[in-house]
Amino acid sequence: MIYFDNAATTLYKPEEVITAVIDALTSLGNAGRGASDAVLGANRIIYNTRESLCRLFHAENPRQVVFTSNATESLNTAIKGLLKKGDHVITTMMEHNSVLRPLYEMDIELEILKVDKKGNLSYKSIDRAIKPQTKAIICTHASNVTGNIVDVKQIGEIAQTRGIKLIVDASQTAGVIPIDVNDMNIAVLCFTGHKSLLGPQGTGGMVVSSDIRIKPLKSGGSGVDTYNKHHPNVMPTLLEAGTLNGHGIAGLGAGVNYLEKVGLDVIRKKEQDLMWKFYQGIKEIPGVTIYGDFTSKNRCPIVALNIYDYDSSDVSDTLCVTYGIQTRPGAHCAPLMHEALGTVNQGAVRFSFSHYNTDCEVEKAICAIKEIANI
């Protein structure tokens, strides 16, 4: 199988990640619940992973790093823990349902900024949309449909100037694009572990600015302050009720360490080279429509396309059954982006690349698209 669905989850993990999970499954106790060697081992691995993520995202303190099960839980925690009735919130048509659905559930005034036909956001529209009661700007760092990257630093400067919190969904960029939460003025960075951070599914987290407090989404066991009727108000325990996924976090830590060892620049260049090779190979094929802005070299390694008016699911099935190529068709949990692109009924076929992919695999994919387009 040729796997081009890395924007959904990275299938191939570094050996270090696999080894770390296996070792953890046979050795780790419940972090923060006792003083046995197994418990202390879990404490160390979890704290070391906090430190690694702190370095990766340039946070000031590992205690700002909170573990969750994925970016969806992180975004729900941030949105429902920071916003209240009557707040005005700005977001965009680029967003995943992990942002949109929690916002729709809130009793707030929601303003959704439009994007152009290439999926680009106008930054001037953000400044114009701000009101006295605007509490937060919530946006993705990169579209999971087009691969277009959002200038989060520019939005962060707007937010800081106007006294507004910036919440960023880094699902597609964590581990791909350098992120500095302080330089970008990000109040809450939400990330998942199973994509470009190369960790296991069921891992993720948040980096929370030290000057804000989020109301917990859940409360319960904390391992400390047991006789208190309320959940401890100290970070990161405040947002980590219950047993952490120590086994998964061990794998996530190994994934981040792998990124540090190999280098984000090296990995990014390989992924970019593969993406551009694919794009150049298909862009002139009659009947192929490609979505997104390819005038910018600063992109995530994603190419979404359609062939004539063929249903994207049919194309993806043909790629899988006939050519052994795994892609992702449909709406990609990003309904407003597909409205903007005019692909609500057809969807799109998304190719997303990893540094584990090869030039040969890309060449086979180009040939497959040419053949399907000629059917």
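## Helix α2

Buried here means under 20% relative accessible area, with exposed over 50% and partly exposed in between (1.4 Å probe, protein chains only). Helices are DSSP runs of H or I with at least four residues, strands are runs of E with at least two, and both are numbered from the N terminus. This is a predicted model, where local features need pLDDT of at least 70, side-chain atom pairs count only at pLDDT 80 or more, and totals for chains, interfaces and linings use all residues. Residues are numbered from 1 along each chain as its sequence is written, and side-chain values use heavy atoms, leaving out hydrogens and water.

In α2, the buried residues include Val-39, Ala-42, Ile-46, Arg-50, Leu-53 and Phe-57. Among the elements covering the buried residues of α2 are β2 (65-68), β7 (188-192) and α7 (246-262), contact being heavy atoms within 4.5 Å. Just past the helix, His-58 has a positive phi of about 60 degrees.

## Nonpolar cores

A nonpolar core is a set of buried Ala, Val, Leu, Ile, Met, Phe, Trp, Tyr and Cys residues joined through side-chain atoms within 4.5 Å. The largest one has 59 residues, and Leu-53, Phe-57, Leu-166, Ile-186, Leu-189 and Leu-197 touch the most other members. Apart from that core lies another, of 27 residues, including Trp-276 and Ile-369.

Now for Leu-166: leaving aside neighbours within four places in sequence, its contacts include Ile-137, Val-152, Met-184 and Ile-186.
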